[in-house]
Structures are given as structure tokens and as C-alpha cells.
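Welcome! Below is a short tour of one model, taken a few helices at a time. Have the structure open as you read.

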Amino acid sequence: MQLNLSSHLLRAGSYINGDWHSSDKTFAVRNPADGSELHQVADAGAEQASAAIAAASKAFSSWSLLPAAKRAELLYNWYLLLVKYQTDLAIILTAEQGKPLAEAKGEINYGGSYLQWFSEQAKRLDGDTIPAPSADKRIIIQRQAVGVVAAITPWNFPNAMLMRKAAAALAAGCTFVVKPAQQTPLSALAMAVLAEQAGIPKGVFNVVVGTNAKAIGEVLTTDRRVAKFSFTGSTAVGKTLAAQCAADVKRVTMELGGNAPFIVFDDADLEAAVTGLLASKFRNAGQTCVCANRILIQKSVYPAFTKKLIAAVNKLKVGSGLSQDSDIGPLISTEALEKVEKLVSSALKQGAKVELGAQRHAAGKQFYAPTILSQVTADMDISQQEIFGPVAALQTFTDEAEAIKLANDTEYGLAAYFYSRDIGRVFRVAQALQFGMVGINEGAISNAAAPFGGVKHSGYGREGSKYGLDDYTDIKYLCLGGL
Ligand code: ADP
């Protein structure tokens, strides 16, 4: 598979108010599999971010007043175009991000599922009536779009993280400005092409691509015309951006880092647990915020589980995402690779043992071999930080209470997973885990019908599901008197 450079979906600059921005100042988007240059893209900055907000602000009055059914129709048109161009979008995504093409196709489907879901939810922005304390009054509740939404999205899911926010915002009647990660702007720009083709009016969906994240971020979080800010990325950057938003009391959604525990109890179906762990740990080469980070295995099943896991991980094929049979692509950058190497070497110094891998892979400069470490302990850096690489770090525990204590011993609270067939234990452990999402006998939990989001330092707000419009609407109370 090759990137088709003449595809109408490949664009070279920001999409603002229905126009394509060009500039002499450009930056290269590169293929992480081999470092080759894919495209030069115009480097937008604070000025273009401000222009995009102006466009979104102008478009808001007409977009928010469109009948919900019309907004729904336009979102559905956008969805149908995404489906039509699924393969082209997936090739662009793999070329700039690195994940295997089959995973990229899955991500496009997943991103599209939010468009489909919110095209339906757009029609269900129901209000409420509440019995009033006196006979001459009526209490009426309406939900209204908050206004202009600004967003910053990461490189690990360049399509889905964007569509999860944009679909909900537009469905609610908000207009939207996004700054995608500079490593993966092409996927976002391709969705702008399809938004235009779908008939989304100019100014409603804007994409600002640039390398000066700090400057663009400052505009998006401090401009008075932005009512709400939505971020997916690291906890460190999220804290800064949330603080910037606080000065203007903006509504904020934060989808931040995770440090997911993956617990295998002695009554688990071990085959299923291995399959779940492969999905949760090795998808996207371990670069997702819901990736299993700390694998906790009950001592009595540890030898059997580890043997099965080593056999399964040994079969994973490493290579360019664009070649058909790859399971694991490159990491996003050499810095990312070096961070993984550092975590592994410090774990080894502290007493962890190599079961598999623990080295770079010959497929290319940014490839890391699928790795399994045993004898990992809770105090190691590898247990306390997000690994964001294809490294399974195995710890053991003795009983349920210890598993829960270890699992909750983190500042993060995004996803957790556990495997058990004991119904009592299933309910006890599910209740005790301090995480926003819990996979029980399941390693792949994300879908448009379910609320995605975390607690503690993993952030606040929920994306997707019937709750997903709440973050983009204000409740307005009308008091009708004199009746
Ligand atoms: P990751 O570790 O996944 O790259 P980051 O939080 O660094 O996570 O990046 C997520 C998004 O935040 C990207 O779009 C990136 O460009 C953006 N970003 C990074 N630093 C800043 C900043 N200081 N201000 C605004 N946006 C930023």
C-alpha cells in the first residue's frame, strides 16, 4: 500500500472558514516507519487560530439555530463520506501515524461511529418540565449549545479523538476549532475535505495545523469567544491548559493519561485473559491512554498465564503499518522510543527480568520489539509512568485485597481491566476500582454508545454515549409566571 499523493483528501494547510490556508512557512509531516517526508504543510500560528475562532463565532448563530434534524442530516452525510473513503483515510492515517493498516481502518470506523451516533443524538436534545412550588408558575428546562468549542487532539488516534469531540459539539449546535497534533495533521485535514463535501457550512468546522502548540493553545484557551475547551493528551499539558481556561471560567473536558491495571485472578479464563491483554497492551504498539500498563497476576496462575502470553506475543509481527501482515508498527518518534528504552533499562536495573524482547527492533529506527518483563514491582518507574510502548510489565499478587490496593495505587483513573469468573468477585472488584472505565473479561472497551472518560488525574467529562452531549450544552431554566 502507498500514499496516493494526488488524493483529493491530502491537503497542505489549515481549513479556516471554508478556505485552505497557505504560507511560505511550512513543516514536514513524516512517516514514522522510515522517517521519509510525506508532505509539507503550512505552519499556522496564533493569528490563524484567532481567525478560526472568529469564523466559528460568526457561524454559531446560524448553525445553532438550524433544526436539529438538519444538523443530524449533515452529520450523517459526513459519516457516509467517511465510510466511502475509509481505505483512503486509513492509508493517510497509517502513513503519518504508523499503526497497521487494519487498525487504521478500525480507527476510521470507530471515528465514524461517533458521527453516526451523534447524528442520532442531535435529535434528542430533550428538555424537561418540573412541577413548580406554586400554582401560578411553570418550570421549563431547555438545553442550549454552549457556543464555540476549541479542541486540541493527540497523535495516537488522529481520526477518532477528533471525531469524538467534533461530532458531539456539532450535534449540540456548537461550532468547532481544532488543533490536531503536529505529527498527524493530515488525517484531520482529510476530515475537513469531507466536512465541506458533506455540506457542513463554512466556519462550523475549522482545523488549525501548526508546530507552535503553545501559542495556538494559548489562543484557544484564553479567547473570550471560546465557550468550551476540550483536550485529549498528557496530564502535564492538560493541567496547564485547564489552568489557562480557568481564568475565563470556560467549560472544560479533559481526557488525560492513564496507568491501567490489568488484573488476572486465579479463577480467570486464562486464554481469554491473554487475548484481552494482547488487545489492550499491544494495539497501536502500546500507544493508547487505555493500554494495560501494570499487569497484575495472581501467584497461583502466574506460570501458566506467562507461558501462554509469551507464546502469543512471540507471534506478533513487527513492521511498517502499510505492509499487510504487520501487527506492531513503529513508535511515533525517536523520543518516544528512547522513553520506552529508559523505562525498560531502569526496571531491569531495579530487578525486573526479561522474558521477551527488551530491545529495539530491526524493522527500523523507531521500532521496539514486543517485550515482556517479569518480577516487576510497584515502586519501579515502569509501574508508575505511562509506558506508551509495546512492553508488558508483569507483577504478582497474593489475594483480592492486595490486587485492589495495587491497582488503585496511582494518581491516574482512566481504564482498568480484570479477569474473573466469580460473580461475587466481579461486583466487589468493579466497585472498588477507582477508574472511569472497567473492562471485565474484556480488553477492548471503547465504543460510541459508552461514556469514555476518567477520574483523578485522568481528567473529567465524558465523551460518546447519551451523556456525551452534556459537555456541549448548558441547561437553561425558564420560569413562566403570572399564570
Ligand atoms: P503526547 O504525549 O500524547 O504527545 P501531549 O499532551 O504532549 O501528549 O500532546 C497532545 C496535544 O497537545 C498535541 O496536539 C500537542 O501538540 C498539544 N500540546 C502539547 N503541548 C502543548 C502546550 N503547551 N499548549 C497547547 N497544546 C500543547
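## Where α3 meets α4

Let's begin with a crossing: α3 and α4 cross in a right-handed way, a term used when the near helix is turned clockwise from the far one by less than a right angle, with anticlockwise giving left-handed. Helices here are DSSP runs of H or I with at least four residues, numbered from the N terminus. Helix α3 covers residues 86-97 and helix α4 residues 101-121; they pack at an angle of about 120 degrees, with their axes 8 Å apart. That makes α3 oblique to α4. Angles under 35 degrees count as roughly parallel, over 145 as roughly antiparallel, 65 to 115 as roughly perpendicular and the rest as oblique. Axes are lines fitted to C-alpha atoms over the stretch in contact, and angles run from 0 to 180 degrees between N-to-C directions.

Before going on, please note that this is a predicted model, where local features need pLDDT of at least 70, side-chain atom pairs count only at pLDDT 80 or more, and totals for chains, interfaces and linings use all residues. Residues are numbered from 1 along each chain as its sequence is written.

## α3 and α6

Helix α3 also packs with helix α6 (residues 185-198): their axes come within 8 Å and cross at roughly 160 degrees. That makes α3 roughly antiparallel to α6. Leu-89, Ile-92, Leu-93 and Glu-96 of α3 make the contact with Leu-186, Ser-187 and Ala-190 of α6, where contact means C-beta atoms, placed from the backbone, within 7 Å.

## α9 and α10

Further along, helix α9 (residues 270-282) packs with helix α10 (residues 302-314) at an angle of about 45 degrees, their axes 10 Å apart. The two are therefore oblique to each other, and their crossing is right-handed. On the α9 side, the residues in contact include Val-274 and Leu-277, while Phe-305 and Leu-309 are among those of α10.

## Around the ligand

Which residues are closest to the ligand? They are Ala-213, Gly-217, Gly-233, Ser-234 and Val-237, out of 14 residues that surround the ligand, each with its C-beta atom, placed from the backbone, within 6 Å.

## The annotated span

The unreviewed UniProt entry places the feature "domain: Aldehyde dehydrogenase" at residues 22-477; such annotations may be inferred rather than shown by experiment. This span is 40% helix and 21% strand, and its end C-alpha atoms lie 45 Å apart; strands are DSSP runs of E with at least two residues.

Notes:
Contact = placed C-beta atoms within 7 Å.
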